[in-house]
Amino acid sequence: MVTTLDSVDVVTVGVGWTGGIIAAECAKEGLKVVGLERGRERGTEDFSIVHDEYRYAIRYELMQDLSKETITFRNNRQQRALPMRQLGSFLLGEGLGGSGTHWNGQTWRFLPYDFQIKTMTDEKYGANKLPAEYTIQDWGITYDELEPYFDRFEKTAGISGEDINPFWGQRSSPYPTPPMKKTPILQRFETATSNLGLSPFMLPSANLSEAYENPDGQQINACQYCGFCERFGCEYGAKTSPEITVVPAARETGNYEIKFNANVVEVMKEGDRVTGVRYYDTQTFEEFIQPANVVVLTSYVLNNAKLLMVSEIGQQYDPESGQGTLGKNYAYQILPGASGFFEEQMNTFMGAGALGMSVDDFNGDAFDHGDMDFIHGASLSMTQTGSRPILHNPIPPDTPSWGADFKRASIENYTRTLGVGGQGASMPHRENFMALDGTYKDIYGVPLLQLTYNFTDQDRALHSYITEKAAEIMQEMGAKTVVAGNPISDYDIVPYQTTHNTGGTIMGADPATSVVNNFLQHWDAENLFVVGAGNFAHNGGYNPTGTVGALAYRCAEGVIRYSREGGSLV
Amino acid sequence: MAKNDKNFSRRDFLKTSGIATGALIGGGIIGGLIGANTNQQDTASSPPGTPQESLGSPGGVRGLVFFKNNAEFEILNQATERIFPEDDLGPGAIGLGVGYFIDQQLSGSYGENSKEYMQPPFYEGGITQGYQSRLKRNEMFRQGIQLMQQEAQSRFNANFVDLEGEQMDEILTAFQEDEIQMKGTTSLFFFRLLRQATLEGAYADPIYGGNHNMEGWRMKNFPGHQTAYINEIDSEDFVDIEPQSLGMEH
Ligand SMILES: Cc1cc2nc3c(=O)[nH]c(=O)nc-3n(C[C@H](O)[C@H](O)[C@H](O)COP(=O)(O)OP(=O)(O)OC[C@H]3O[C@@H](n4cnc5c(N)ncnc54)[C@H](O)[C@@H]3O)c2cc1C
Ligand code: SF4
């Protein structure tokens, strides 16, 4: 039996950054909003004994319970897709705040180049710079059009940073709070990159340098550099997260209700409109329908795509014909870098999730790609996030991975190793896509999402170019041994890389090549919005959430306008 | 220096402890025996400040919650000690209580794979597709430990726990090189699991039963649970901080 609930103005599926931003903005405008979240309520008060590497960073306390739902994966269409049976490559969020609770807080704006990548690449390098199977396209919005929304998100989050990077787009206002501490470890990077003629700057951080009250009146505290940040919740309320900003802002209006343990399995559609969503109470397995005037999918990249697929909204992408848009342009991230082994001990165990310095000299189109067999690049950073002992056992090459020599080397180098890491852009490829799996199901009986993904020649070329740059910086930093990262071959879902999955529900100016318009409104159902990094037409050389936050503010404006005026917003 | 000199060797220990081989049926029991009956101060694994505790069983006799007999448990102990041996830096896996940590983990959600997707059908899969076994972790451990004993018998005609360090290493290496046939999984996969669990037991907060007396953290200069580093992080010098466990909070 299915119980149909009273209709509301807006329902969001999931309450992370995107769900929280939509809720706060719409509720402030007087719309009645319900957030359906499959996980549980949680907040700062739950993080007083959070400095526990084993429980949170190894056993993934705050992350998705895969026994209920996962995805399947294969490197290519010839392979049999098999379930991701345990977490690895990316760590999906579950519960209030989503991944915004256990993120690092490195908060970037994608480059102007990113949004117009096709146009700008064609103009500068000709239309055949990349082979045709790389399906790069413009995003249907420019950096300048998105700038006000970046600004909104950064002010909500109180981002700590400094505007001295020559490669960024123009900013309408300075960072809300000054940059974090430039620690001795970061100073080494600053000196080395300056010596090399590069332009270092403090990484924009959502671990705040000082206490801050945001425009919604929410308080964010000053970071204490506790060293247990990414994969952990913040016990100080100092890491900007949905549950300490947009969620309370939405709740204070009286127009917002969150239903926990509510797992959405379908978006209901009638003709060219959606009517609400169907969900299971995860504790009783009772089924409910939540009718709504507007449905917003805010359930992260993977489930946003999956829910559209199971609800048969939009045309599934077919790699054979190149037709269809849903599931297209799945992209990920390339992680070039170099490690350096030093003589002296350093305070590597101290840190914060977004404490770092970066250079963008090799990112976007900051350097000439005329002679390169790839486009785009990577931000290169030295971060000091707090190395913890289970996961950090750095050993020089040729050291065995266990036994007496391993023990000695891993202990010796634990406080004597630094890394320069790149976040490399990831270009979409015709063969990298998402679809529904034909075999495996979640515990609600819904097919799992199927991921077909592998690194490409573009990725390999970019990776090796940036790896060399990272090694040069490490050399200049005075490491006694520099170890450049290995070249990449096939994508492996086992080791952690990043939770920066993108694409599948991409935005654009044309319904033939995108799923949503530039208000994140679905081309085939005007009262359905889909927001998240799934909207990215490719992945840039940064972490995604600054851009995701901007898109969520843009989407909220669209939902509000649609609720008043109706119709297509473009 | 020969590898063996630095490592705890079962044989050496037997010689110095003067305890008959027959008594060595399990870490718990031998630990208890030594702690109670002999003044085994000369084993270097006794963490400083805990003179009454000895090799094999920090805290004296501790119960097992997963393993059903001490023979299995002792094989686990010896294997983890080879992976993370005692040396002049400090205790190895046995001295840190890694075996107890693993025993407890195997009986809980880790061992039962309760947060993993365990629905059929099961296929072998490519290496990039990760864990595809129908076995739970605790089933893998049980099988892996039995196989270590079998290998010891077939290669050396002896119990695993009575082998020389190099002989144990030979067997562990065979697991790592994927040369041992396992049912439902590969020996490489099991070896990685064992290695990772050993490191987890060495460095997880002592509230989980390993990292005895925070000696794992001490060796590494990791101070465990500190509330904040805001006052130290600007320091040019390395800051040595006495570690603290979550379990020690007042
Ligand atoms: C360890 C880690 C570090 C990171 N560090 C950074 C960083 O430094 N900088 C950066 O920019 N990004 C970082 N990220 C990524 C960042 O966390 C995400 O981009 C961001 O939180 C995504 O927000 P979202 O709202 O799109 O999705 P999520 O935060 O994933 O929220 C989605 C919510 O929807 C819920 N949900 C899903 N499916 C359903 C369903 N069917 N029914 C009901 N509810 C559902 C989920 O439980 C979840 O709470 C990091 C991620 C991780 C894991
Ligand atoms: S490092 Fe700072 S922001 Fe991160 S959890 Fe610790 S106090 Fe919070």
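Biologist: Hello! Chain B and chain A sit against each other here, so what makes a residue pair between chain B and chain A count as a polar contact, and how many such pairs are there?

Modeller: Between chain B and chain A there are 40 residue pairs in polar contact, both residues being at pLDDT 80 or more. That confidence condition applies because this is a predicted model. Each pair qualifies because an N or O atom of one residue lies within 3.5 Å of an N or O atom of the other, with one able to donate a hydrogen and the other to accept it.

Biologist: Which elements of chain B give two or more residues to the side that touches chain A?

Modeller: In chain B they are helix 4 (70-83), helix 6 (98-107), helix 9 (165-176), helix 10 (187-203) and helix 11 (215-220). Helix 10 of chain B has the largest share, with seven residues. By class, this side of chain B divides into 35 nonpolar, 21 polar and 18 charged residues.

Biologist: Why is the pair of B:Glu200 and A:Arg59 called a salt bridge?

Modeller: The closest N and O atoms of B:Glu200 and A:Arg59 are 3.8 Å apart. The limit is 4 Å between a side-chain nitrogen of Lys or Arg and a carboxyl oxygen of Asp or Glu, so B:Glu200 and A:Arg59 qualify.

Biologist: What makes A:Glu69 and A:Lys306 a salt bridge, and where in chain A are they?

Modeller: Their closest N and O atoms are 2.9 Å apart, and the limit is 4 Å, so this pair also qualifies. The pair links distant parts of the chain: A:Glu69 is in the loop between helix 2 (53-58) and strand 4 (71-74) of chain A, A:Lys306 is in helix 8 of chain A, and 237 residues separate them.

Biologist: How do you know that chain B and chain A are in contact, and what area is buried between them?

Modeller: With contact set at heavy atoms within 4.5 Å, 74 residues of chain B are in contact with 74 residues of chain A. The area buried between the two chains is about 6,000 Å², and carbon and sulfur atoms give 56% of it. B:Lys115, B:Tyr117 and B:Ile233 supply 14% of the area that chain B buries against chain A, more than any other three residues.

Biologist: Now the ligand. What makes A:Asn303 a polar contact of ligand 1?

Modeller: A polar side-chain atom of A:Asn303 lies 2.8 Å from a nitrogen atom of ligand 1. The limit is 3.5 Å, so the pair counts as a polar contact. A:Asn543 passes too, because one of its polar side-chain atoms is 3.3 Å from a nitrogen atom of ligand 1.

Biologist: How do you know whether ligand 1 is buried or exposed?

Modeller: Taken alone, ligand 1 exposes 1,000 Å², and the protein buries 98% of that. Among the elements giving two or more residues to the shell around ligand 1 are helix 1 (17-28) and helix 8 (300-310) of chain A. Strand 10 of chain A gives the most, with three residues. In total 35 residues surround ligand 1, the closest being A:Thr18, A:Glu37, A:Ser99, A:Gln106 and A:Thr545. By class, the shell has eleven nonpolar, 21 polar and three charged residues.

Methods
Residues numbered from 1 in each chain as written. Chains lettered and ligands numbered in written order. Predicted model: local features only at pLDDT ≥ 70, side-chain atom pairs only at ≥ 80, totals over all residues. Heavy atoms only, no water. Buried area = accessible area lost by both parts, 1.4 Å probe. Helix = DSSP H or I, 4+ residues; strand = E, 2+ residues; numbered from the N terminus. Nonpolar A, V, L, I, M, F, W, Y, C, P; charged D, E, K, R; others polar. Near = heavy atom within 4 Å. Areas by Shrake-Rupley, 256 points an atom, 1.4 Å probe, with all protein chains shown as cover.
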